Amino acid sequence: MLLGLQSGVLFETLGVRDGLKLMKETGFDALDYNLNNELPGNDIRDGKTDSILYQEEKDIYNHLLPLKTHSEHFGISIHQIHAPFPTRVDDMDAQKSLLTAIENTIKAAVFLGCEKVVVHPQYFPYIDDVSQEAEWEMNREFFSHFIPMLKKHRISFCLENMFTKFRGRIIASVCADAKEACFYIDKLNELAGEKRFSFCLDTGHVNLCSMDIRETIITLGNRIEALHIHDNDGLDDQHVMPYTGIIDWERFCEGLATIHYQGALCFETFNSLNKFPVDLWRDCLMTISNTGKLFSARITSGNFPAKA
């Protein structure tokens with residue numbers, strides 16, 4: 001089972017080559033590439049188009065060439081790419097421009113040999129009081145736009161479970177409910193006429209929305225093809241390493257064992273790095289990597305420690 005890590009924070013601090021080198025030396029062999037960092041959310045909302053994701057194809061490929069070269073050198077597969085977000089903004093011109101950025105994200109995935117792009121579903125703030133049916137129709141139109149390109153390049157979009165906030169409280173949003181997520185994936189694949197949509201389960205978001213992680217995984221079943229593994233205190237989206245929050249990781253592993261998950265275990269734990277000086281990053285990443293190895297052993301063997 002591949003062990004993956006997000007590029008965010010790591011690449012910005014160490015650079016692409018040294019970041020990948022440290023990943024390899026600490027036991028990781030897969031990458032969750034944060035291409036979304038090339039187009040921050042505020043730039044999307046403001047309609048800015050100076051990101052590399054709005055440049056010519058040759059310029060995009062030249063920008064990505066060091067990542068392609070160094071990942072191949074170190075034997076690290078680019079398992080999944082995170083597309084820019086949010087995917088819904090109020091400004092219609094900005095929304096139209098965003099389609100181009102996501103199309104170029106697909107092209108980037110093809111260039112890098114990556115088959116999976118994690119894309120946040122569109123959703124409204126809680127206060128807008130938009131019905132689930134209306135949100136589905138909005139997402140149906142949004143994702144349908146990309147179906148011809150996904151089919152042409154054999155790329156899959158992995159939708160993610162989302163949350164929003166109201167008066168300081170976390171509120172479940174689009175695809176937070178596993179049954180709704182199944183509906184989205186199945187209907188979109190039906191529209192595509194083939195399997196071009198799957199799911200990226202974000203463990204931290206599951207916890208924030210007070211969902212049972214094992215039952216969520218079992219309900220989603222083989223629709224899960226990517227993971228964002230991280231922990232939190234149930235109050236904030238902290239993105240810290242497992243066992244430093246309140247998630248029940250035994251139930252997480254039990255769920256993946258039940259569905260016979262064989263994909264990558266990708267950690268989105270960048271804030272654990274932020275909590276330590278760079279001199280301790282190797283130790284921090286070794287702990288995360290060893291946690292992944294523990295998860296992998298339990299998932300593949302089905303053997304779990306006795307409950308207290």
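In this predicted model, F199 stands opposite I224, a residue of strand β9. The parallel strands β8 (residues 197-202) and β9 (residues 224-228) are joined by four bridges.

**Strand β8**
- Six of the six residues of β8 are buried, and the strand is accordingly described as mostly covered.
- Both of its faces are covered: F197, F199 and L201 are buried on one side, and S198, C200 and D202 are buried on the other.

**Pairing of β5 with β8**
- β5 and β8 run parallel and are connected through four bridges.
- F157 has F197 of β8 as its bridge partner.
- C158 is placed opposite S198 in β8.

**Pairing of β5 with β4**
- Strand β4 (residues 116-119) also runs parallel to β5, and four bridges join the two.
- V118 has C158 of β5 as its bridge partner.

**Burial of β5**
- The side of β5 that carries S156, C158 and E160 is covered, as is the side that carries F157 and L159; these residues are all buried.
- Because five of the five residues of β5 (residues 156-160) are buried, this strand is largely enclosed by the rest of the structure.

Notes: Residues are numbered from 1 along each chain as its sequence is written. This is a predicted model: local features need pLDDT of at least 70, side-chain atom pairs count only at pLDDT 80 or more; totals for chains, interfaces and linings use all residues. Side-chain values use heavy atoms; hydrogens and water are left out. Buried means under 20% relative accessible area, exposed over 50%, partly exposed in between (1.4 Å probe, protein chains only). Two strands pair if DSSP finds at least two bridges between them.
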